[in-house]
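Okay, everyone, thanks for coming. Have a look at the structure on the screen, and I'll walk you through a few of its contacts.

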Amino acid sequence: TLNQTVIYIQQGNEPDTLGVILDTVTPNFETYLVQFDDGNWMEQSETFVWNLHKGQNTLRAKTRNAFGCLGIESDVCVEVQ
């Protein structure tokens, strides 16, 4: 979908981690913005390691283009026992 972020996750190299790859088709793409749980939104590269904690972990991601317009938000939740 145009202006939406796709979140790919894979098993991390360390316990309680996931590898994350973000992908999008956003015209005039500038950056990805991510939010962990209920934290602040921050700029993020397209690949990174997500450190998990016990309980529910939530990752939200969206794009911002060169004109400051935000894309459609995507999210994934992971439960750690």
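This is a predicted model: local features need pLDDT of at least 70, side-chain atom pairs count only at pLDDT 80 or more; totals for chains, interfaces and linings use all residues.

Let's start with leucine 22, which is in strand S2, residues 17-24. Residues are numbered from 1 along each chain as its sequence is written, and side-chain values use heavy atoms, with hydrogens and water left out.

So, is leucine 22 buried or exposed? It counts as buried, at 2% relative accessibility. The cut-offs, with a 1.4 Å probe and protein chains only, are under 20% relative accessible area for buried, over 50% for exposed, and partly exposed in between. What does leucine 22 touch, if we leave aside neighbours within four places in sequence? Its contacts (heavy atoms within 4.5 Å) include Thr5, Val6, Ile7, Tyr32, Val34 and Phe48. For that last one, phenylalanine 48, the C-alpha atom is 8.9 Å from the C-alpha of leucine 22, and the two residues are 26 apart along the chain.

Phenylalanine 48 also brings us to the rings. Pairing here takes Phe, Tyr or Trp rings (the six-membered one for Trp) with centres within 6.5 Å; planes under 30 degrees apart are stacked, over 60 edge-to-face, and the rest tilted. That rule gives two aromatic pairs. In one of them, phenylalanine 36 and phenylalanine 48 have ring centres 6.0 Å apart and planes at 85 degrees, so we call it edge-to-face. The pair links distant parts of the chain, 12 residues apart: phenylalanine 36 is in strand S3 (29-36) and phenylalanine 48 in strand S5 (47-51). Phenylalanine 48 is buried, at 10%, whereas phenylalanine 36 is partly exposed, at 23%.

Now the sheet. There's an open one of four strands, ordered S4-S3-S6-S7, with antiparallel pairing; strands pair if DSSP finds at least two bridges between them. S4 (42-44) and S7 (74-80) are the edge strands, each pairing on one side only.

Next, charges. How many salt bridges does a search of the whole structure find? Three, where a salt bridge is a side-chain nitrogen of Lys or Arg within 4 Å of a carboxyl oxygen of Asp or Glu. Arginine 64 meets glutamate 30 at 2.8 Å, N to O; arginine 64 sits in strand S6 and glutamate 30 in strand S3, 34 residues apart. Arginine 64 also bridges to glutamate 43, again with 2.8 Å between the closest N and O atoms. Glutamate 43 is in strand S4, so that pair ties together parts 21 residues apart in sequence. Put together, Glu30, Glu43 and Arg64 are linked in a network of salt bridges. Glutamate 43 counts as exposed, at 52%, and glutamate 30 as partly exposed, at 43%.

Arginine 60 and glutamate 73 also meet in a salt bridge, at 3.6 Å, N to O.

Last one: the charged end of lysine 62 sits over the ring of tryptophan 41, 4.1 Å from its centre. The test there is NZ of Lys or CZ of Arg within 6 Å of the ring centre and within 35 degrees of the ring normal.

Note on methods
Helices (H or I, at least four residues) and strands (E, at least two) are DSSP runs, numbered from the N terminus.
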